[in-house]
Amino acid sequence: MRRVTSPTDSTPAPTQAPVLRVRGVTKSFHGNVVLRDADLDLLPGQVLGLVGENGAGKSTLMKVLAGVHAPTSGTVELDGSEVTFGHPVQAQRAGISTVFQEFNLLGERTVAENVWLGREPRRRGLVDVAAMVRDTTALLEDLGVTGLDASRRVRSLSVAEQQIVEIAKATSLDARVIQMDEPTAALADHEVALLYSIIRTLTGRGVAIVYVSHRLKEIFDLCDVVTVLKDGAQVATEPIAALDEGRLVRLMVGRTLDAFFPDPLEGTAPGETRLELRGAGNGYVDGVDLTLRAGEIVGVAGLQGSGRTELLEAVFGVTPLTRGEMTLAGRKVRPRSPRQAVRAGIALITEDRKATGLALNQSILDNTLGVVRAVFPRRTGGVRRDVPRLLSTLAVSARALSQEVRLLSGGNQQKVVLARWLATDPAVVLMDEPTRGVDVGAKYSIYEVMRRLAADGKAVLMVSSELPEVIGMSDRILVMRDGRLAGELPPTSSEEDVLALATGVRAGEQVAS
Amino acid sequence: MRSSRITSTTIVYGVLLLVVVAAALITAGQGRNFFSTGNLDNILTATTILGLIAIGQTLVILVGSLDLSVPYVVSLASVVGGGIMAGQAGGIVPALLVTLLLCGVIGAVNGAIVAGLHVHGFIATLGTGLVLSGYLGSTYQGSSGLAAFEFRLLDATRIGPVPLAFLLMLGCAGLAVLVLRRTRLGHHLYAVGGNAEVARMSGLRTAVPVVVAHTTCSVMSGLAGLVLLARLGVGQPTVGSQGGYDLMSIAAVVLGGTLLAGGKGNIAGTLAGVAIFAVLDNAMGVMELNPFLKDVVRGVVIVVAVAVYARRELDRRPARFDRPPAADPGTTKPPGSATPAGTTDKTLEASR
C-alpha cells in the first residue's frame with residue numbers, strides 16, 4: 001500500500017472562516033487536569049488528525065466537543081457563535097456529531113430506525129416507515145454506499161457497516177463537524193478504503209472531520225492538519241505537509257519518564273519454558289508463536305484492537321484456540337474454558353476489574369478466595385489461613401477482611417485481584433493492563449509484585465497500552481498488529497521502535513503488499 | 001448470518017401449527033372433532049382473557065420491565081366493575097369508565113415507580129401487587145357486585161362462530177401492533193427496552209414509554225377483569241390470582257419470541273404464544289389429563305421454547321479470522337500486513 005500524500009482535493013480555500021473554533025479548553029476531573037488549554041481551528045472540509053498516546057487527552061477533547069463533558073474552562077465556537085452543550089443531543093443539533101468506538105445503535109432495530117431514532121418522519125400522525133427507509137437509502141447512496149439495505153437489523157451488520165450507519169445518522173442531522181474515534185480499529189483493509197472514500201465525500205461537501213487515530217499511516221493519508229496531544233497538553237498543531245512520521249512519533253512520545261520501575265530482584269533468571277505457543281490461533285488471533293520462560297516478564301504491546309486481550313483470552317480458554325499448539329510446562333494442553341486453564345496453572349488478571357475481576361459487593365476475603373473456592377475447593381482451608389499474609393505482602397490497605405471491595409480505592413482493588421489469582425499459585429500469570437486506573441503508589445507496588453513473581457519463578461505475560469510500562473518492566477517485548485505478532489523487541493527499545501512496529505509504518509522499512 | 005434468517009415469529013407459528021395438528025389427532029383419537037364449533041369456541045374463549053393481559057405484558061416486557069401485579073388488577077376490575085354496575089344496565093358505562101381509569105392510575109403508578117425511582121419492574125409491581133392483594137383480601141369476602149344482563153352479552157354474544165370478547169381482544173392486538181410499528185411512541189418503546197442509554201443519548205425522554213407501557217398493561221388487565229365479570233356474572237376478588245395470569249402472561253410473551261430483557265419482540269408472537277397454551281390445555285382436557293400433569297407440560301414447553309431462542313441469540317464478537325484459508329499456507333499472506341525488516345514473518349496457519 002502506497003502512502004497517499006497531499007490530499008489536494010480536500011484542501012479548502014484559505015479565506016474560509018473556521019466552522020469550529022476551540023480556545024483554551026481545559027478539563028479536570030476532581031482537580032486532576034486531563035486536558036489543558038486546547039486550541040483548535042477547523043475549516044469546512046478539513047480533516048484534523050488528533051493524535052497522542054493513551055491518556056494524552058484525545059478522548060477528553062472529543063467528549064467535550066460531543067457534549068458528553070462540559071469543559072472546566074475555555075470556549076467552543078461553532079460558526080462564530082459560542083456554544084455550550086449540556087447533553088450530547090444538543091451538540092448533535094448544533095452540528096457536531098461523534099462516532100464513538102462504542103456505537104450508539106440499537107441492535108434489534110433496523111438501519112433506518114436507528115438513523116431516525118427520536119426524529120421519525122411522520123405522515124398523518126403515523127411514522128412513515130417507507131419514507132424512513134427511502135431517506136436512509138438516499139443518505140447511504142449520497143455517501144457512496146450501495147448494497148446496505150436500510151431495513152436490515154443493525155445486529156446483522158458488520159462493524160464497518162454499523163459505523164456507516166452512525167455516519168449516515170450524523171449526515172441526517174446535517175452535521176458540519178463529525179468526530180471519529182479510532183474509526184478503523186476494528187475494520188478490515190477493504191473497509192478502511194470505503195471509510196476513506198466516505199470521508200472524502202463528506203469533506204467534499206464541506207463537512208469538517210476530527211479524526212482520532214493511532215495509525216499514523218491514516219493520519220498521513222487523510223488529514224490536512226494534525227494536532228498532537230501529550231499528557232493533556234497540546235504539543236503541536238501543524239499542517240500535514242510540515243510533518244513526517246518520525247517527527248510525529250517524536251512529538252507523541254518524547255516525554256520525560258516520570259514513572260519509574262523497580263529493578264529485577266536479585267537471582268531472577270529465565271528458567272525452563274513455561275508456556276509455548278506454536279502457530280496458535282482462533283477467530284481473533286492467528287499464527288502466534290511465543291515462548292514464555294519461568295522468571296520472565298514479557299510485555300505485549302500493540303494498538304487498540306490489535307488482538308492483545310484476545311491473545312490472553314485464547315491462552316486462558318475464554319475463546320479457546322482452534323489452531324496450532326499450546327504447551328504448558330512441557331505438556332500439550334488446550335484449555336477449553338477458564339476453569340481448565342486455572343487447573344492447568346494459568347491466571348488471568350483481566351483489564352476491567354469491575355466487570356470481570358471482582359465481585360464488588362463481596363468482602364475482600366471472599367474475593368481473595370473466589371477462584372480457589374471455585375476451582376480448588378480442597379485447598380480453601382489452607383489458603384484461607386494464608387490470606388492475611390498474602391494481602392500484607394501485596395500491601396493492601398483495608399480496615400478488615402470483611403470490608404466490601406467496592407469501597408476500596410482502584411489500586412487496592414487491583415491488589416485484591418492480584419491476591420485472588422496468586423492464591424491459586426499459578427505458574428503462568430497473564431496480566432491485561434495491570435495498572436489501569438490505579439494511582440502512582442499502587443502502580444509501583446504492582447510492579448514490585450511482578451518482580452517478585454518473576455523471582456519466584458513464575459512466568460508473566462503482561463499486556464499494556466502504556467509504552468513506558470511495557471519498556472520499563474519487560475524482559476522482552478512482543479508487538480501485536482491486526483491479530484498477529486508483528487515482532488519481538490529487546491527491552492532497550494525506544495517507544496518509537498514499539499510504536500513503529502505496532503502501526504506498521506516506518507519510513508524505508510515499509511513493505512508493499 | 002445475512003437477512004434471510006427465520007424470525008422467531010415464524011417459529012412460534014410453526015409450533016402453533018404443530019400443536020394444532022397434534023391436538024386435532026389426539027382429539028380425533030378420543031373420537032371427537034377438534035374443529036367442531038363448540039371446541040373452537042372453547043379455545044377462542046380461553047384465548048381471550050390471557051390474550052388481553054399478554055398484549056399489555058408484551059408492551060411492558062418490550063420496554064424492559066415486567067408486570068407481576070396483573071392478577072390483582074384483574075380481580076380488582078371485576079369486583080369494582082361489578083360493584084358499580086350492581087346489575088343495572090345504566091351502570092355499565094360508569095362502571096367501565098371508573099374501572100378502567102382506576103386500572104390506568106395503578107399502571108401509571110407502576111410506571112412512575114419503575115421510571116422515576118429506578119426500581120426494577122419485577123420488584124415495583126410485586127409491591128403494588130401485594131398492596132392490591134391485601135386490599136382485596138381485607139375488603140371483599142367472597143364474590144361481590146353483579147354484572148348487568150346487557151353487559152353479560154359481551155361474553156355470550158357470538159358473531160358467526162366467533163365470540164365478541166375474542167374480537168375485542170383482536171381489536172386491542174391490532175391497535176397495539178399499529179402503535180408499535182407506526183407511532184413514535186412504539187419505536188421509542190423498542191428503543192428504551194433495547195438500550196436505555198442509547199435512547200437517552202438520542203434525545204428520547206426514556207420515562208415516557210415506560211409509563212405508557214405500564215399504564216396500558218394495567219388497563220388491558222382491567223379489561224380482562226371486566227370480561228371475566230361478564231362471563232361469571234359476579235365480581236370475584238380471587239379470579240385473577242386463581243388464573244395465575246402474572247406468570248402465564250409472561251410465559252406467553254416469552255414463548256411468543258419476545259426477549260425477556262426487552263427491545264425485541266412483537267404482538268403477533270404473543271398471540272401465538274397464548275394460542276399455543278390454549279390449544280395445549282384444550283387437548284389435555286380432552287385427554288382428561290391430571291391437572292398437575294398439565295402444568296408439567298406447560299412448564300416443559302416454556303423452558304424448551306426459551307432455550308431454543310437463547311441458542312439463536314448467542315452473540316459473539318465478529319471474528320477477525322473467520323476461516324483461515326485452507327489452501328496454500330505458504331503463499332497466503334494477510335492483506336496489508338507489512339512486515340518490517342528484522343522481525344519474524346508469520347504466515348497464516350492452515351486450518352486443522
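**Architecture of chain A and local backbone features**

Buried residues account for 50% of the 513 residues in chain A. The model is predicted. Its secondary structure in chain A comes to 17 helices and 22 strands. Along the principal axes, the C-alpha trace of chain A spans about 70 × 55 × 45 Å. A compact globule of 513 residues would have a radius of gyration near 24 Å; chain A has 25 Å, which agrees.

Chain A is divided into two parts, domain 1 (37-253) and domain 2 (273-503). Their C-alpha centres lie 34 Å apart. The contact between them takes 12 residues from domain 1 of chain A and 11 residues from domain 2 of chain A. On the domain 1 side, two elements of chain A give two or more residues: α7 (216-222) and α8 (245-253). Helix α8(A) gives the most to this side, with three residues. By class, the domain 1 side that touches domain 2 of chain A has five nonpolar, two polar and five charged residues.

Helix α13 of chain A covers residues 380-393. At 1.5 Å a residue, its 14 residues should span 20 Å. The end C-alpha atoms are 19 Å apart, which agrees with that expectation. A kink of about 45 degrees lies at A:Asp386, shortly before the proline A:Pro388. After α13(A) comes A:Ala395, with a positive phi near 55 degrees.

Most residues other than glycine have a negative phi. Two further residues, one in each of chains A and B, have positive values. Phi of A:Arg124 is near 50 degrees. This arginine is found in the loop between β7 (122-123) and β8 (126-127) of chain A. A:Arg124 counts as exposed because it has 5 C-beta neighbours inside 10 Å, and the cut-off for exposure is 12 or fewer.

In chain B, phi of B:His118 is near 55 degrees. B:His118 lies in the loop between α4 (92-117) and α5 (121-139) of chain B. With 8 C-beta neighbours inside 10 Å, B:His118 also counts as exposed.

How values were computed: Residues numbered from 1 in each chain as written. Chains lettered and ligands numbered in written order. Predicted model: local features only at pLDDT ≥ 70, side-chain atom pairs only at ≥ 80, totals over all residues. Helix = DSSP H or I, 4+ residues; strand = E, 2+ residues; numbered from the N terminus. Expected span 1.5 Å × (residues − 1). Bend = angle between axes of the 7 residues up to and from the residue. Domains from an automatic or database assignment. Contact = placed C-beta atoms within 7 Å. Nonpolar A, V, L, I, M, F, W, Y, C, P; charged D, E, K, R; others polar. Buried ≥ 20, exposed ≤ 12 C-beta atoms within 10 Å, placed from the backbone. Rg over C-alpha atoms; globule rule 2.2 N^0.38 Å.
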